[in-house]
Amino acid sequence: MAVRAFVPMELRCPGILGDALQATRWATPPTPLKQPPKCASEKAFVMRAEEEDATEEGEDDNRDEDAWALVATGARFLCTNLESSSEESGDGSDSISISTPYRLMERRSPDDKSVLLALERQHRLKIQEEVRIRLSSLDVQNGIQRTTSASARLEKYAESRKELDRTLDVQFQGKIAQELDRHLSMVQRDHEQRSQIVECEIRDDAVVEEAKRREQAMKEKELKQEQEAEARQKVAAAKFAAQAEKAEYEAAKNEDAISRAEAVSTSSQSSQNATMADSTGIRSELPGIKVYADCSALQAESRRRALHDQVPPNVYLSKEYSRYDRQIGRSIGKLMPTTDSVEARASELITALDGQDCPCSIACRIFADKMVSIVKSRNPKDRTFENLAFACGHVMLLVTDQVPDAMDYLLAEFHKVCVYTVPKHMHALSAQARHTDYFRLIGYQEEDGKLESTEAYLVNVVAYVKLYAAMIQTDIKGVQHPHGLAEGWKWLGMFLNTLPAITATAFALHAFLKMAGFALHRRYGSQFVKILDVISRQFLPALKGQGSKVQLEAINNLQNYLNDKKHLEEPEGQYLAEQLLSKGFM
């Protein structure tokens, strides 16, 4: 008869739960299905199952391998207090009990099997509930431990952050203390430096005051010497003026004689021109030359030229005064049409003219020569020459304000290089009179022993008149002009009243109006407009009447100036710039 074995049935659950159930099952003693009789033998028995039956059972019920191994290897079950009897007598009195081995696996009815399954199920449910309770307790304990460890970590992190904050606070306070010490050291050092600077300034002021006192004493001494020298110069100038007037009187007599002789042989037009020239003050310096000029202008020129000629023309070549010549020449050579440059050059020139080792007359002669000769050193045809001319006017005014004698030397130098700044015009009466001395007299320059061309001469005339007009119209606040717009107004009136309308005078007149016309119109208003009307109605027609003798450019310049009303436009460069444009882009 085949023996059927019971295979343990397990709930499907995770590995941890299955291990717990397995441990509980083996730890709990099995519940006997039936209590054996007490007389039963305590000897253990071995239950073995046939391999075929066990295999079939495994195939039918899909038993677990561990259960199959338990049955196949013949595990021993100890059955204590189990009794078995094969037979019992009918009446039970004379029966004999015989101990037989208790058979665990015997046939059962279906009701017994269901009871066993129910008991097994209850047992399993009870075990599962216990396992579940233990697992939940374990989860609670694990959660408490995790919470405790997390709170411990948080406390530790908070402590570390507090320690870090304390460390950073100490470092920051240390840096603040260092910066405060450094700042206090810098303040103390700055205070010491300022104290030293103030002390140095006090010492320097004391030295400067002492030098000024000494300089004042020396100036007073030199002033006395200069007054004595000027007195001697005035006496010499008076003698020279008397001689000049005597020469002019004799020249006038000769001129009258020549005029009367020419009046017979010349046309009626020539006689009319001679009569007009006599009424405006014509003078003659050389035979065969007529001088068109106003008497007051000639007297002023004579006085200035006499003062100018008292200083030898080549005095700057001497070793004693060559240093002043180079110093003044460098200062004027560095002049630019800017405010800073003008102020710097004027300051240098005033210092040079106020030198202790060079007489004032010689220094003024050198200054006038270098200032007027800027026409030669710069290009008069350049568009920036007019800006430079206005800058020169500012420098001349600033210098002559501090050194008044320099103005007479400047005007004498202007009259020397350009007769139209007087204003004056010298006309040769014959071809024989047009010799080299005549051209030198009217301002032609010599280069390598040859006279310059007429075109170059006219360019120089325009440049000199522009420079002269720029000086006249210059106006600086707080500085009194010794030769300002009033003299320019007189010059314009004498020019139109005495000088003939020719090419040279037309160029000179246009150059003067271009530089000073705006300032004259602003000062004299309608009176200046009347002067322009005289130019339009008298000077221009007379100029056009010369025909081919007059250059067309001279006529066009004046005509355009009047038609375009250029006197209402401010000339370019009249007001100095703060700095050059090329310097601003650097």
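This note goes through a predicted model point by point.

1. Ground rules. Residues are numbered from 1 along each chain as its sequence is written, and side-chain values use heavy atoms, with hydrogens and water left out. Because the model is predicted, local features need pLDDT of at least 70 and side-chain atom pairs count only at pLDDT 80 or more, while totals for chains, interfaces and linings use all residues.

2. Overall make-up. The protein has 19 helices and 6 strands; these are DSSP runs numbered from the N terminus, helices being H or I with at least four residues and strands E with at least two. Of its 586 residues, 32% count as buried, where buried means under 20% relative accessible area with a 1.4 Å probe, protein chains only. Among contacts (heavy atoms within 4.5 Å) with a separation of 6 or more, 75% are between residues 24 or more positions apart.

3. The core. The largest nonpolar core holds 99 residues. Such a core is a set of buried Ala, Val, Leu, Ile, Met, Phe, Trp, Tyr and Cys residues joined through side-chain atoms within 4.5 Å. Helix α14 gives the most to this core, 13 residues. Phe367, Phe512 and Phe539 have the most contacts inside the core. Leaving aside neighbours within four places in sequence, Phe539 touches residues including Phe495, Leu509, Val534 and Leu558. In soluble globular proteins, nonpolar side chains tend to be buried together.

4. A cavity. On a 1 Å grid over the protein atoms alone, a cavity is a set of points where a 1.4 Å probe fits but cannot get out; lining residues have an atom within 4 Å of a point. There are 2 cavities of 30 Å³ or more.

5. Cysteines. The structure holds 0 disulfides, a disulfide being a pair of cysteine sulfur atoms within 2.5 Å. Cys392 counts as buried because its relative accessibility is 1%. Cys418 is also buried, at 1%.

6. Backbone details. Val422 and Pro423 are joined by a cis peptide bond, with omega about 5°. Pro423 sits in the loop between α12 (406–417) and β4 (424–428). Lys565, in the loop between α18 (552–563) and α19 (581–584), has a positive phi near 55°. Most residues other than glycine have a negative phi, and most peptide bonds are trans.

Terms used. On a 1 Å grid over the protein atoms alone, a cavity is a set of points where a 1.4 Å probe fits but cannot get out, and a pocket is an open set with protein on both sides within 12 Å along at least five of seven lines; lining residues have an atom within 4 Å of a point. Grid points are joined across faces, edges and corners, and a volume is the space filled by probe spheres set on the points. Buried means under 20% relative accessible area, exposed over 50%, partly exposed in between (1.4 Å probe, protein chains only).
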